[in-house]
Amino acid sequence: MSFLASSCVSLLIYYFITARVSFKVLSSVAGSGGGPAHQYFLKNELRRRSATQLGLVVLLLSFSFESHSCLCSNRHLPLLVSIFWSQARSCCSILNGSVKESFGIVLLFPEKRITAEELSYQMFLLACFILLFKLTLGGDPFAFFDWDVSYITASPLGVSQKVISVNKQFPGPVVNVTTNWNVVVNVHNNLDEPLLITWNGVQHRRNSWQDGVLGTNCPIPAGWNWTYQFQVKDQIGSFFYFPSIKFQKASGGYGGLIINNREVIPVPFGTPDGDIALFIGDWYTRSHKDLRKALEDGNDLGVPDGVLINGHGPYRYNDSLVPAGITHEKIDVEPGKTYRLRVHNVGISTSLNFRIQNHNMLLVETEGSYTVQQNYTNMDIHVGQSYSFLVTMDQNASSDYYIVASARFVNGSDWDPVTGVAVLHYSNSQGPASGPLPDPPNEYDTFFSVNQARSIRWNVSAGAARPNPQGSFKYGQITVTDVYVLLSRPPELINGQARTTLNGLSFVAPDTPLNLAQQFDLRGVYKLDFPNRFMNRPAKLDTSVINGTYRGFTEIIFQNNDSIVQSYHLDGYAFFVVGMDYGIWTENSRGTYNKWDGVARCTTQVFPGAWTAILVSLDNVGLWNLRSQDLKSWYLGQETYLSVVNPEVNNKTELSLPDNTIYCGLLAGLQKQQSQRVRFSEAASIANVGKMTLVTVFLTCLSLAL
């Protein structure tokens, strides 16, 4: 039975119980005496109370259909409490013979005193009804999604190819929820290979079981479905999802995830006139299977074939660089209005410079943190990063305007076609966009991007997921408990294969996910011995994990000795970016750290021949993926996991193994054939099982009492 159906049943039971109680109480009064007029009024009162209770059921059910959630929010509770209170007062007033006005009806009854026992009974029922409402309807809302992940044929760069779609959409649908909502996504894997979806930036508090990477989950087999269920606890901001295994992200499967502020938390800027998601990223016309085979064979992927914006190729701004017949993205706007643009680099490996011709972009948020509001004419957005800008349509619309995403930190004319171009179209535009594209930053100014990154700062006075200001967490005053310096180098041969490393270790994902190995105490699946410094020894394959300290405060320095820009991501957390510079990090580099308003985010860039330092508070129990967002480096082994364990095992810091867990590797024998191919409405729920159990116990006890 779905939770909505369970709620309906509970409310109907409530109606019949209250009707029975009303009949029992009023009948006892009627039986104690009084004339015909008294009896007549009591019968009418019984009918009125029954009608009121039925109306209350309809009211509650109407609340339950708000948006696509089967639970209403707590803001309805005061109204329901007042209704229940009025019901109780009405009953007491009738029995006490006083004149009371309830729901606009004036009732007059002769003198009849209520006993203390009857009054206590009525107040008990009032408390029980409020409890029933809270258990059934009063929790954080649920948002349900049913996704078909499958191939479709598309030609984003003029060449027909298979792309990975979600519900036949490329990019996939945007998940739009609010802080603390519960998200339930039933994923049907209609690809021809296993699949996992990860949620870039969602912290999955206490629930790494839903992270969707090989260290936490067994892949969803082809032809199966599996239901993700997680709460976006204490988060706001702009994020995205994508397939995390088998290089599938190179063929699509990605989409946006928006977490809105709760109504009680003010947003530090005015409500925009529109909200627009933009997915930018480099793209190959070869399939992800061909690309991953090339990597496995030790070959470089070469220059991408182009850059897509929202799944479309470039506007034909240059006839020699852009062939005819390519469909481009067009963003329709109204003059004078302000729009929020959420821009995500969902590409494979290319940093992109994003800009809008003749328009300033006011940066307001990045990856769940409100920023100090500053205008930019362009922004370097690295792989895996997300930014929110407010853009006001303040131009004269003499023509359409270019929206550009061009490759950064590259050399050679063969990169000229690697430019995404969309069109910003005013409703009163007088003609198409034409002429040269707006200029990118000077490619030879190596400090431009570093200084721009340093300029992005935390808005310490703004609230976010909670009412207290973001800056109330004074990270610069916390003592560091652990330090890790993670060194990356260019790909190197290990056992005859090209691999990438961190501190000389190239991660090998075991057949049994680390989470399951930890849960079932399987020895030898992984080791908690990841080195905190580069070891002067030959690179090797390993399944080594960082042994984090629960509630510790960890400093991680990414040292990039490669010739490309890297960006690194940590699942389960937002970390503080406190410093970055060219050269080799030393102990003295801490003197340059920003210990007040370094932005909190989940993905940071590390420039070639440079370092970036982050600070992170390890308060989220679980096994969390720490990886390069460069898909090539990630696929070839540049990742590890961070293990955070609470010595006191309890459900308060980590949720238990989900009922719908898929088993593989050493635990494959526990898996029932196709046991996850269930109907969506029967998907396991974190919160609902406990709630409905309490509701059932309450109704049983009440029935016995009556």
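Guide: Gladly. N358 counts as exposed, at 51% relative accessibility, in what is a predicted model.

Visitor: Why is N358 called exposed?

Guide: Exposed means over 50% relative accessible area. N358 has 51%, so the label applies. This residue is found in the loop between β15 (352-356) and β16 (361-366). Its phi is positive, about 65 degrees, although N358 is not a glycine.

Visitor: What makes D234 partly exposed?

Guide: Buried requires under 20% and exposed over 50%, with partly exposed in between. D234 has a relative accessible area of 25%, so it is partly exposed. D234 also has a positive phi, about 50 degrees, without being a glycine, and is found in the loop between β8 (225-231) and β9 (237-243).

Visitor: Why are β4 and β8 called edge strands?

Guide: The open sheet has four strands in the order β4-β3-β6-β8, with mixed pairing. β4 and β8 each have a single partner strand, so one side of each is left without a neighbour in the sheet. On average, neighbouring strands here are turned by 20 degrees against each other, direction ignored.

Visitor: How do you know that β3 and β6 pair?

Guide: Pairing takes at least two bridges. Strand β3 (residues 142-154) and strand β6 (residues 182-189) have eight, in the parallel sense. D146 stands opposite N186 in β6.

Visitor: Where is the cis peptide bond that involves P171?

Guide: This bond joins F170 and P171, with omega about -5 degrees. P171 lies in the loop between β4 (161-166) and β5 (175-178).

How values were computed
Residues numbered from 1 in each chain as written. Predicted model: local features only at pLDDT ≥ 70, side-chain atom pairs only at ≥ 80, totals over all residues. Heavy atoms only, no water. Helix = DSSP H or I, 4+ residues; strand = E, 2+ residues; numbered from the N terminus. Buried < 20%, exposed > 50% of the residue type's maximum accessible area, 1.4 Å probe, protein only. Axes fitted to C-alpha atoms, helices over the stretch in contact; angles between N-to-C directions.
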